[in-house]
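This briefing is for a reader who is new to the structure. It goes through selected features, grouped by topic.

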Amino acid sequence: MLRFGMPHDHHDDHAHSLLPPEPALRVRALETLLVRKGLVDPAAIDAIIDQYEHHIGPHIGASLIARAWNDPEFKKQLVNNTDGILADMGFGGRQGEHIVVVENTPACHNLVVCTLCSCYPWPVLGVPPAWYKSDAYRSRAVSEPRAVLSEFGIIIPQDQKIRVWDSTAEIRYLVLPMQPKASFGLDQADLVGWVSRNSMIGAGLPQAPTANRPVDL
Amino acid sequence: MKSYHDMGGDPAGRVTPDKPGDPIFDQPWHKRVLGLTVAGGAMGKWSIDTSRFWRETLPKSDYQSFTYYEKWLAALTNLFVANGFLSRGEIANGAYDGPQQPLYKKALKAREVQQMLATGSKASRPATAQPAFSLGQIVKTKQPSDTMLQKPGHTRLPYYAAGKTGTILFYHGHHVLPNSNAHFLGEHPEPLYSVEFSSIELWSHTEGRGDSVIVDCWESYLEAVP
């Protein structure tokens, strides 16, 4: 039994069409109403934003990858007991309750997408970037991943297969990139800077840290 | 029929990668939409499946012209109205005439935020039956509309992977079924599998013969191949 009516096809039936036309005013109008009616606590909104601006981000994923590169036993656990090890480290949670780590090898490159919406492993990578949520990426990543990767400046050789993971359920995929030879022998703290955010989605490759590439890219 | 939110395989333009220094949020109001959406969900009145269904059934013109956070905002507004928390008049007037209301008992409190985000909400449920398919088994997907429990309805089987033959790669245990949960028809947990499809099976033109796409499929999306 439905608890309330279905969404309707007619545009005017949608309450959202009654909001102001300008998006910033639209959200302010909704928040003002919700706060006045006691439905949301503005301090909770601030706290959510603070978490995603300052605490939860790709530095978490990068620290996991760097440690996996340097510590074979940890890597084994990260791949085989992902949710357990993330819970032990305090890195699980919303939109990453079920994470699967997929490892790049010379035979296989992994790329992650969500064609139906924009599912993404938030607890280890933070807020998804605009390109990940774009219609162009959602449309083409499954049918022409090599062309899409070339737009990121990456050419995958023909003898390396590509596996594209479409996040249609609550499983979230994290790519474990191959460690670049030039970084062999570095300690974990120095390796973190090699792990770009995009490399953990499969749309980038690890590279030497440079002054103009912050950890979050 | 394929819905406009189900865009895998559609022709589209180039992807524009981000640049060093791009902000986490393009606009300050994006942050508020994220916060309101998370806080609204934390009230426990609707699931992520319901939220997704209401986003993907926004009018086509809105879905295709709205940015990501505008879609979230529109669906959230409609969910608050449909659940009786806000009226259309209040939305239209941008005002609520009564006194400031005390905080709703299930509203998310600031002190609860960190724990709530760190805990999340698992979709897995105890297994109630043996999975019908085994690793490595060849299976065929149904049509998305045949997996819907009402019309129009929610499904997580993409059109491009409909009626295609693939191989069971992983079994993830039982997970809540979005097709029922989105419509308040119960969780009906089912075995969830990762199914691998060769690009040759999916697309008329493929870039690499060994390439593949993996789609997570609930058991009722699949049938055995004799």
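In chain B, the loop between helix H8 (178-181) and strand E4 (190-198) holds B:His188. The phi angle of B:His188 is near 35°, which is positive although the residue is not glycine. B:His188 counts as partly exposed because 17 C-beta neighbours lie inside 10 Å. The model is predicted, and its local features are reported only where pLDDT is at least 70.

**Other backbone features in loops**
- A:Gln95 also has a positive phi without being glycine, with a value near 65°.
- The loop that contains A:Gln95 runs between helix H5 (82-89) and strand E1 (98-103) of chain A.
- A:Gln95 has 22 C-beta neighbours inside 10 Å and therefore counts as buried, the cut-off for buried being 20 or more.
- A cis peptide bond leads from B:Lys151 to B:Pro152, with omega near -10°.
- B:Pro152 sits in the loop of chain B between helix H7 (144-147) and strand E3 (165-175).

**Chain B as a whole**
- Nine helices and six strands are found in chain B.
- Along the principal axes, the C-alpha atoms of chain B fill a box of roughly 65 × 45 × 35 Å.
- Chain B has 226 residues, and 41% of them are buried.
- Taking contacts in chain B between residues at least 6 apart in sequence, 65% link residues at least 24 apart.

**Domains of chain A**
- The domain assignment divides chain A into domain 1 (19-53) and domain 2 (57-200).
- The centres of domain 1 and domain 2 of chain A, taken over C-alpha atoms, are separated by 32 Å.

**Helix H2 of chain A**
- Helix H2 of chain A covers residues 42-55, which makes 14 residues.
- From first C-alpha to last, H2(A) reaches 19 Å, close to the 20 Å expected at 1.5 Å a residue.
- The buried residues in H2(A) are A:Ala44, A:Ile45, A:Ala47, A:Ile48, A:Ile49 and A:Gln51.
- In an α-helix there are 3.6 residues a turn, so residues three or four places apart point the same way.
- Part of the cover over the buried residues of H2(A) comes from chain B, including helix H1 (28-42) and helix H6 (113-119).

**Strands E2 and E3 of chain A**
- Strand E2 of chain A (residues 108-113) is largely enclosed by the rest of the structure, because five of its six residues are buried.
- E2(A) pairs with strand E3 (residues 161-166) of chain A in the parallel sense, over six bridges.
- Within this pairing, A:Leu111 has A:Val164 in E3(A) as its bridge partner.

**An exposed loop residue in chain A**
- A:Phe184 lies in the loop between strand E4 (171-176) and helix H10 (188-191) of chain A.
- A:Phe184 is exposed, because 10 other C-beta atoms lie within 10 Å and the cut-off for exposed is 12 or fewer.
- A:Phe184 and A:Trp69 are 115 residues apart along the chain, and their C-alpha atoms are separated by 8.9 Å.

**Confidence in chain A**
- Chain A has a mean pLDDT of 92, with 91% of its residues at 70 or more.
- Residues 1-5 of chain A have pLDDT below 50, and this stretch has six contacts in the model beyond near neighbours in sequence.

Key. Residues are numbered from 1 along each chain as its sequence is written. Chains are lettered from A and ligands numbered from 1 in the order in which they are written. This is a predicted model: local features need pLDDT of at least 70, side-chain atom pairs count only at pLDDT 80 or more; totals for chains, interfaces and linings use all residues. Helices (H or I, at least four residues) and strands (E, at least two) are DSSP runs, numbered from the N terminus. Two strands pair if DSSP finds at least two bridges between them. The expected span of a helix is 1.5 Å times one less than its number of residues. Two residues are in contact if their C-beta atoms, placed from the backbone, lie within 7 Å. Domain bounds come from an automatic or database domain assignment. pLDDT is the predictor's confidence in each residue, from 0 to 100.
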